[in-house]
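Q: Please take a close look at a single part of this model. Start with one side chain and its surroundings, then widen the view.

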Amino acid sequence: MEIYETEEERLAAAKRWWTENGQSTITGIVIGIALILGWNFWQNYKQDQALQASVQYESLLVAIKEEKTESAEKIAQLIRDQFKGTPYATFSGLTLAKIKVEQGQLDEAKSVLQAVVSSADEQLAHVARLNLVRVMLAKGEYEQGLQVIADVTPKSMGGFSGSYDELKGDLYVALDRLDEARSAYQSSLRSGHKSPLLGFKLDDLTEAAIVPSQP
């Protein structure tokens, strides 16, 4: 550490330091302020987006309650288009798919659910994917539905594994692959999955297996 004997020496040293480091110091300060301001702006923007999306979602729920299907569709689509970064976009996609299914527009419902699966967080993606496979089951796309489930790693299924197994069983039944369906239902049951129909489905397959075929 340098020791200066006079005020003039200290002043001269300060000038030298500023000449050598002043520009980088100013640049660092400016960048720091810009980062802080940018972060605050981004946080405020996200909060504002979430608030607007929440208001629109409330309108969507009201439209559904009042059975204003056309308005509900428009609001759901608006939320999906304008508020993609919020959870409300996912909820609206699931709602829109449900409306399409109720209208018998399975192709449109499938398209919406595929988009939700690709954009939602992991938990909601499982919900959307299960609904997607149900739509595929209704469309007769049994093998494709099995492939969608096969593409999900068992580790990532978490608490949804029982739901996937039950749905897999439904697809196997539709394909008349009853042994595989029984195995899938049993796996779903072992996982602790709570489904009001699972026991009946398994019983039906068991009874079918023990009833002798007619000559």
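This is a predicted model: local features need pLDDT of at least 70, side-chain atom pairs count only at pLDDT 80 or more; totals for chains, interfaces and linings use all residues.

A: Leaving aside residues up to four places away in sequence, lysine 110 touches Leu132, Val135, Lys139 and Glu141. One of these neighbours also makes a polar link: the side chains of lysine 110 and glutamate 141 are joined by a polar contact of 2.9 Å. Lysine 110 sits in helix 4, which covers residues 106-119. Its relative accessibility is 19%, so lysine 110 counts as buried; the cut-off is under 20%. Arginine 134 lies 24 residues away from lysine 110 in sequence. In space, the C-alpha to C-alpha distance between lysine 110 and arginine 134 is 9.4 Å.

Now turn to serine 92. Serine 92 belongs to helix 3, residues 87-102. Its relative accessible area is 0%, so serine 92 is buried. Its contacts, not counting residues up to four places away in sequence, are Tyr57, Leu60, Ala76, Ile79 and Arg80.

Helix 8 widens the view. Helix 8 spans residues 161-174, 14 residues in total. From first C-alpha to last, helix 8 reaches 20 Å, close to the 20 Å expected at 1.5 Å a residue. Ten of those 14 residues are buried, so helix 8 is largely enclosed by the rest of the structure. The buried residues of helix 8 include Gly162, Gly169, Tyr164 and Tyr172. Also among them are Asp165, Glu166 and Asp170. Ser163, Leu167 and Leu171 are buried in helix 8 too. After helix 8 comes aspartate 176, with a positive phi near 65 degrees.

Definitions and conventions
Residues are numbered from 1 along each chain as its sequence is written. Side-chain values use heavy atoms; hydrogens and water are left out. Helices (H or I, at least four residues) and strands (E, at least two) are DSSP runs, numbered from the N terminus. Buried means under 20% relative accessible area, exposed over 50%, partly exposed in between (1.4 Å probe, protein chains only). Contact means heavy atoms within 4.5 Å. A polar contact is a pair of N or O atoms within 3.5 Å; within protein, one must be able to donate a hydrogen and the other to accept it, and residues adjacent in sequence count only if both atoms are side-chain atoms. The expected span of a helix is 1.5 Å times one less than its number of residues.
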